[in-house]
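Colleague: I would like to learn how to read a sheet, strand by strand. Could you take me through one slowly?

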Amino acid sequence: MAKLGNRQRKTLVCSVCGEENYRTEKNVKHTTDRLELNRYCPRCKKHTLHKEKK
């Protein structure tokens, strides 16, 4: 069985308005850089770039 310690929950923040919209899991051992995903922002009402919160 895989270790549970490598996966952590990360918050994604809209790069336009700064709203915290999504939470996702990430394997911090294999993916060391920050996540950047295009997601829908309900505040901006369009798809924008969401970055991992510090």
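Modeller: Let us begin with a term: two strands count as paired if DSSP finds at least two bridges between them. Please keep in mind that what you see here is a predicted model. With that understood, the strands form an open sheet of four, in the order β2-β1-β4-β3, with antiparallel pairing. The edges are β2 (20–27) and β3, each of which pairs on one side only. Ignoring direction, neighbouring strands in this sheet are turned by 40° against each other on average.

Colleague: What holds such strands together, and how many bridges join β1 to β2?

Modeller: In general, strands of a sheet pair through backbone hydrogen bonds, and the pairing may be parallel or antiparallel. Here β1 and β2 run antiparallel and are joined by seven bridges, and within this pair you can find Thr11 opposite Arg23 in β2.

Colleague: How many residues lie between β3 and β4 in their hairpin?

Modeller: Four residues lie between β3 and β4 in this hairpin, and in the turn you will find Lys45, whose phi is positive, at about 60°.

Note on methods
Residues are numbered from 1 along each chain as its sequence is written. This is a predicted model: local features need pLDDT of at least 70, side-chain atom pairs count only at pLDDT 80 or more; totals for chains, interfaces and linings use all residues. Side-chain values use heavy atoms; hydrogens and water are left out. Helices (H or I, at least four residues) and strands (E, at least two) are DSSP runs, numbered from the N terminus. Axes are lines fitted to C-alpha atoms, for helices over the stretch in contact, and angles run from 0 to 180 degrees between N-to-C directions.
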